[in-house]
Amino acid sequence: MTASAPAAEPVSGETDEALMQGYAAGRASAFDALYARHKGGVYRYFLRHCGNAAIADELFQDVWMNAIRARTRYVAAAKFTTWLYTLAHHRLVDYWRASGQAKFASIDDAGDAETREAVEALAGPRRDEPEAGLATRRLGERLRAGLATLPPVQRDAILLQQEGGLSLAEIAELTGVGVETVKSRLRYAIGKLRGELSSLHEEL
Amino acid sequence: MTSELESPVRDAALDAAWRAHSLEEPPAHLDAAIRAAAHGAVAAEPREVRPVAVKATRPQRWWMPLAAAAMISAVVIGVSRLVPQDQAEQAPGLAAPPIPSPAPAPPVAFAPSPAERGPTTALGGVAPSEAAASDSAGAGQPSESSELGVTFAPEPPSLPQAGASAAHTETFAASPNARAARTPDAEAWIARIRTLYDEGKRTKAAKELNALRAAVPDADRRLPPELRAWATTVEP
């Protein structure tokens, strides 16, 4: 489930699929509703993966432009979030390939300098928000840091689950692997992040 | 959406922490740019469905009444050609519209052709005796034109207009059945005889009297007193 907008929960009485079909039929307001529902999840999907706001902005814009161009090819049989995050996933893979980081390889060494740099560069909140206290702030930092240390395939799985609200089967279909593989990746990612949170609680 | 089967790969504490720290949103300028592109794409694309539908229905609107009119015209022409011409000529409504008669009356005698016409009277009419013969031949044709092309409407005799009545060839002779039915006309007939008598046309008046006698059994009794003496001198 996403934090800001549950993907499949109908807002204003229309499902994502109906809104996308309405937009494909020429109703611009349907796109506004869809965009409002899913912009946060897609944006954070890129931001958590890349750790760079500028790159996330570029990839985010590309995905939505692709969605706009492909609106007439959208088939209602496909779940909209699956379709949207498939576009996002493919765009991310393309970006990594183009930038020479064509590795959905594991970043196992958390002490690696490059990884530490990426963790430090992970963007915090983009808007001014009131101080939520030291514990809350540190919790967020620890969570982002733990996510950054995950191997990309595990990070991808947990991001698709948390931000996209996709099921195991949908993640498996999207990433082209089996459900058990997805389950394994998620278990590993959750275990790692849970460990980060536990250590934080012990510190506090 | 996740099912119960996915519960082993979910962690409630992690989900809560994730939701609390998933606050990043795209910058506002990006929102505006994407929304503008989405709206522009929809506004710029040509409306494909509606104009096509209008184009498809427009021709049907104008040629359908035209086609219906053409079909009706073809049917009417075809039917009119199928009707035999002799039937068309016999149809009174098509050949010559009948002149409306003022009252339903039995057929009147028509002036015969000059060849058939016998010795005419001084008035130019046919003697009642000959007229009666011609009447019996044409009794079944209520209103037809003579060979002279004159159509006579069966009008009641109005003998006070003696000049007018003398101008045409109509007589009051009729078939026995018609005579019986025309009993009230005997008065007009008698008035005509009287007019002829007063004008000095005794021969004509005698012929008319004999014709009246043939038509009305008690003709002599109906005569006015001033004609009865003269009538006794007229041999039937």
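Two residues are in contact here if their C-beta atoms, placed from the backbone, lie within 7 Å. I start there because the contact figures I will give rest on that cut-off. The model is a predicted one.

Chain B, then. Among its contacts between residues at least 6 apart in sequence, 69% join residues at least 24 apart. As for its elements, chain B has 12 helices and zero strands. Reading from the N terminus, that gives α-α-α-α-α-α-α-α-α-α-α-α. Chain B has 236 residues, and buried ones make up 24% of them.

Next, the interface. On the chain A side, 40 residues are in contact with 30 residues of chain B. Which helices of chain A each supply at least two residues of that side? They are α2 (28-50), α3 (53-69), α6 (134-148) and α9 (179-203). The most comes from α2(A), with nine residues. Sorted by class, the side of chain A that touches chain B has 21 nonpolar, nine polar and 10 charged residues.

One residue of chain A to finish with: A:Gly140. You will find A:Gly140 in helix α6 of chain A. Is A:Gly140 buried or exposed? A:Gly140 counts as buried, because it has 20 C-beta neighbours inside 10 Å. The cut-off for buried is 20 or more, so a count of 20 qualifies. Look also at A:Leu197, which is 57 residues away from A:Gly140 along the chain. The C-alpha atoms of A:Gly140 and A:Leu197 are separated by 9.4 Å.

Definitions and conventions. Residues numbered from 1 in each chain as written. Chains lettered and ligands numbered in written order. Predicted model: local features only at pLDDT ≥ 70, side-chain atom pairs only at ≥ 80, totals over all residues. Helix = DSSP H or I, 4+ residues; strand = E, 2+ residues; numbered from the N terminus. Nonpolar A, V, L, I, M, F, W, Y, C, P; charged D, E, K, R; others polar. Buried ≥ 20, exposed ≤ 12 C-beta atoms within 10 Å, placed from the backbone.
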